[in-house]
Amino acid sequence: MQWEVVIGLEIHTQLTTQSKIFSGSATTFGSEPNTQASLVDLGMPGTLPVLNKEAVQMAVKFGLAIDAEIGQHNVFARKNYFYPDLPKGYQISQMELPIVGKGHLDITLEDGTIKRIGVTRAHLEEDAGKSLHEDYSGMTGIDLNRAGTPLLEIVSEPDMRSAKEAVAYVKAMHALVRYLGICDGNMAEGSLRCDCNVSIRPKGQVEFGTRCEIKNVNSFRFIEKAINSEIQRQIDLIEDGGKVIQQTRLYDPNTNETRAMRSKEEANDYRYFPDPDLLPVIIEDSFLEQTRATLPELPPQKRERFQSQFGLSLYDASVLASSREQAEYFEQVVGIVGDAKLAANWVMVELGSLLNKTNSDMTKPPISAEQLGGMLLRIVDKTISGKIAKEILEAMLAGECVEIGIGSADEIIEQRGLKQVTDSGAIESILDDMLAANAEQVEQYRAADEAKRGKMFGFFVGQAMKASRGKANPGQVNELLKRKLEG
Amino acid sequence: MALDRSDVEKIAHLARLGLNDADIPRTTEALNSILGLVDQMQAVDTAGIEPLAHPLEASQRLREDVVSEANHRDSYQAIAPAVEDGLYLVPKVID
Amino acid sequence: MHQMTLAEIARGLADKKFSSEELTRTLLARIAQLDPQVNSFISVTEDLAITQAQAADARRAAGENGALLGAPLAHKDLFCTKGIRTSCASKMLDNFKAPYDATVVAKLAAAGTVTLGKTNMDEFAMGSANESSHYGAVKNPWNLEHVPGGSSGGSAAAVAARLLPAATGTDTGGSIRQPAALTNLTGLKPTYGRVSRWGMIAYASSLDQAGPMARTAEDCALLLQGMAGFDINDSTSIDEPVPDYSASLNDSLQGLRIGVPKEYFSAGLDPRIADLVMASVEELKKLGAVVNEVSLPNLQHAIPAYYVIAPAEASSNLSRFDGVRFGYRCEDPKDLTDLYKRSRGEGFGPEVQRRIMVGAYALSAGYYDAYYLQAQKIRRLIKNDFMNAFKDVDVILGPTTPNPAWKIGAKNADPISAYLEDFYTITANLAGLPGLSMPAGFADGLPVGVQLLAPYFEEGRLLNVAHQYQLVTDWHTRSPAGF
């Protein structure tokens, strides 16, 4: 049987407000337990919520960015259930009238095509606290610092057809919320969490299969692995004659398996109703326009501009535009060096591999755009070759001349004597020495036919560059060498 | 539609209220009599009427995003049934 | 001294006839002596009272002269008072020392009032007889075998027994006006949003409103002045200026248009009360008022709608009482569900549990539209009825309750029979309107109240009408025998 996979995602993004959504407590991560839990956050009797304006503005920003309808009359509702990390016995959320309605987000697939993923809705809600399961005399400890942190829950349509598409969507969403400055995207700290709804159906069938929800997956890699393992579980189950039961499951990265959650075993009846402590939120047109004015250039516009302004390929443009930091870095480098294709290549390939090597990302690039741009200038004016440039990059990484900024490449070139040799007299003398040391090969070359000479020529170039410690201008080496060997 | 014993047990569980077995018949009877009273409402024609959640129909005021709360953990936890290392304690929770 | 009203106390203190501390000590002694008969206090805060009285006297000596400076009062035990037990008359909160003050408490304290204690009430304000308190039933000073009404029954009984001149109450379906009527007091439920709900432990959030209970309209004006006003901590609080309620007390009633809805005179109304209501209309006519006919066609649907909305909100509001962060926790819970079920099952009394279950059911999957949504639509119909009526009249007048105070225990067998006592009062909560009950006579020695309703924010008009009525009648001056 051919199976088709159907995936929909719920992404919870913690908004980067200073204070909580309904109280004046700080939202700082990692504080001592319960030191950021106010009367409101603790659900003390008699306390009441007051809505944070910044959270509303951030949600509206997001809605505008995904081209969604904004709920100009949106309502908070109570979702009622008992859990120790939920102090009031209900979560203030939005049900029937969310702040963000239908919208969409485009993702770039591996083959370079663009796929549009529907966003059903996004709503504001408060985060719960944390249960700590370390042993407290056989009990569970509850920390309510996180309780009341504003969340924007973004619900997608079931539009994704593979784990890879799901990851591409989460990455695009991750990039977007960071572009907008509404979420720090720190998945390790839980700032962006993902619930994956996964089902399968025989290829060609219109109705959806029964879905399972994998809760709280918190890295791109785990999202892909969790979905794939869940897909396999469902296929195995059905092909063995079983049936998928609608369930909430947890992914265990150690076993690479999902398992049913005990605490979600019974069906919940959340008894949603409008929160009588809060009034309807009215988004005026003026508020909408003010917010629209604060929107930065977003990935799709940026991608198009990179293509038209710099003549980059669709692929290069969309990779560079995919994160705000990378796009800004790239534009800074172009500003210095002028040559956009050269800049794109170095940012994507060489800087990319440096990031991997140093296990860092574009929020903390190991080499500044000024340093890279300054160095590329020297490639353009032929002071150095590409190979030497890589050596300079290594030196920069090691911290050499970092404080000099844009001039640091020049300093390294100077101190290490890496300036390219373009004086043809000097190159000729290097070549003469090299050819004399390889007299046997010279004779073989001259005796060989055209077809074989190509490969042999490369040998002499390599020897010449080695002898010049990479500094000889490769173009000149080629030209002079050809002349001498023919001679 | 009168509630029976199992309905009442379900509702009590939803509301996390531990009922004594002996009290269930009396509770069932009381709930049915209350529901009988409120069911009179079903006869009212409310077609086209918008529900009213708040009497004054005002809109939500928004608070500036400012941290205004200090740490009062010690005084808040002084009235808690069980705490350790600043955490509230509950019987072991299994996800 | 204990017979003085707030206004008389204010004059006495201003004229230095006595100090707040002397008055406070007198009343504390009276509470110690007489309260065992009525059981109106859950906590008497003697030390706090003396400290506050001394501070008020010092402020006055320094030249301050506020109307409430040094005035003794008590708070219904659902207003949070920092460091002092705030029990809601429930075993659930018997050990709860609130970590903060309610806005009402803080505002009145800032005005210089002296808190004598926390008054008894129906558990979590659910009831109209004050029989459901964990601390025992409150008795009506007019007849100790009768209920004082509820849920602010402790505040009512304490003022009626002349243990103090005034107290705060809260009103979700009549909980200020009904006990005021049954104990010969004046009580006012303000417009929804007029008084902050911050720190007032919620029963039903969209209906709850705090207000004053005293012997006279003049005193209610003084106390409301100290309670009312916008609060940034309460999203449902209204940012409108607070008028000077005392200033309008003496406005003329010439041309005042009174409406007496014909639906008020239904089968359930005690004919003696009907007569007293009509007599009060005649008094007001003598003062220049005219009577117009009005109708409230959806009145009969108010009780069913109320008994969906209030329990639904309550079922959610009371979920926070889970034995984790404050309040009662059962012994040795064996797991989380056991912790919840036993803490709540043992901590809440039977009426509270009933209402939580009704509310949970009304909100549950498959029933929401038929119950909660339908009730909210009826709520709009009721509001519309009032909006129409107020096109033709300035105030609506009628009985506060269908019957005088009943005997303790008489309505225990059937909770519904007590619910029906809210017939006249709950519409004001559903529509959010201000309502006042004032003494209007007696039926076999038990007090009878007349209710006045007005458009939004017209508390001043209600107090004005009641004050003018009290200038020409003496029902409100009568004291129960033995107090």
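Tutor: Angles under 35 degrees count as roughly parallel, those over 145 as roughly antiparallel, those from 65 to 115 as roughly perpendicular, and the rest as oblique. The model discussed here is predicted.

Student: Which word describes how H8(A) and H9(A) lie to each other?

Tutor: The axes of helix H8 (residues 340-358) and helix H9 (residues 369-380) of chain A cross at roughly 120 degrees and come within 11 Å. The range from 65 to 115 counts as roughly perpendicular, and an angle over 145 as roughly antiparallel. The two helices H8(A) and H9(A) are therefore oblique.

Student: What is the hand of the crossing of H8(A) and H9(A)?

Tutor: Two packed helices are described by the angle between their axes and the distance between the axes. The hand is a further description, and the crossing of H8(A) and H9(A) is right-handed.

Student: Which class do the residues of the contact of H8(A) with H9(A) belong to?

Tutor: From H8(A), the residues A:Leu342, A:Ala343, A:Trp346 and A:Leu351 meet A:Leu372, A:Leu376 and A:Ile379 of H9(A). No polar and no charged residues take part in this contact, and seven are nonpolar.

Student: What separates the C-alpha atoms of A:Glu207 and A:Tyr136?

Tutor: Along the chain, A:Glu207 and A:Tyr136 are 71 residues apart.

Student: Which helix gives the largest share of the side of chain C that touches chain A?

Tutor: In this contact, 32 residues of chain C meet 25 residues of chain A. At least two residues each come from helix H9 (302-317), helix H10 (336-347) and helix H11 (350-363) of chain C. The largest share, three residues, is that of H9(C).

Student: How many nonpolar residues are on the side of chain C that touches chain A?

Tutor: This side of chain C also has nine polar and six charged residues. Its nonpolar residues number 17.

Student: Which element gives the most to the side of chain B that touches chain C?

Tutor: The contact takes 40 residues from chain B and 57 residues from chain C. On the side of chain B, the elements that give two or more residues are helix H1 (5-14), helix H2 (24-38), helix H3 (73-77) and strand E3 (87-91). With seven residues, the element that gives the most is H2(B).

How values were computed
Residues are numbered from 1 along each chain as its sequence is written. Chains are lettered from A and ligands numbered from 1 in the order in which they are written. This is a predicted model: local features need pLDDT of at least 70, side-chain atom pairs count only at pLDDT 80 or more; totals for chains, interfaces and linings use all residues. Two residues are in contact if their C-beta atoms, placed from the backbone, lie within 7 Å. Helices (H or I, at least four residues) and strands (E, at least two) are DSSP runs, numbered from the N terminus. Ala, Val, Leu, Ile, Met, Phe, Trp, Tyr, Cys and Pro count as nonpolar, Asp, Glu, Lys and Arg as charged, and the others, Gly among them, as polar. Axes are lines fitted to C-alpha atoms, for helices over the stretch in contact, and angles run from 0 to 180 degrees between N-to-C directions. A crossing is left-handed if the near helix is turned anticlockwise from the far one by less than a right angle, and right-handed if clockwise.
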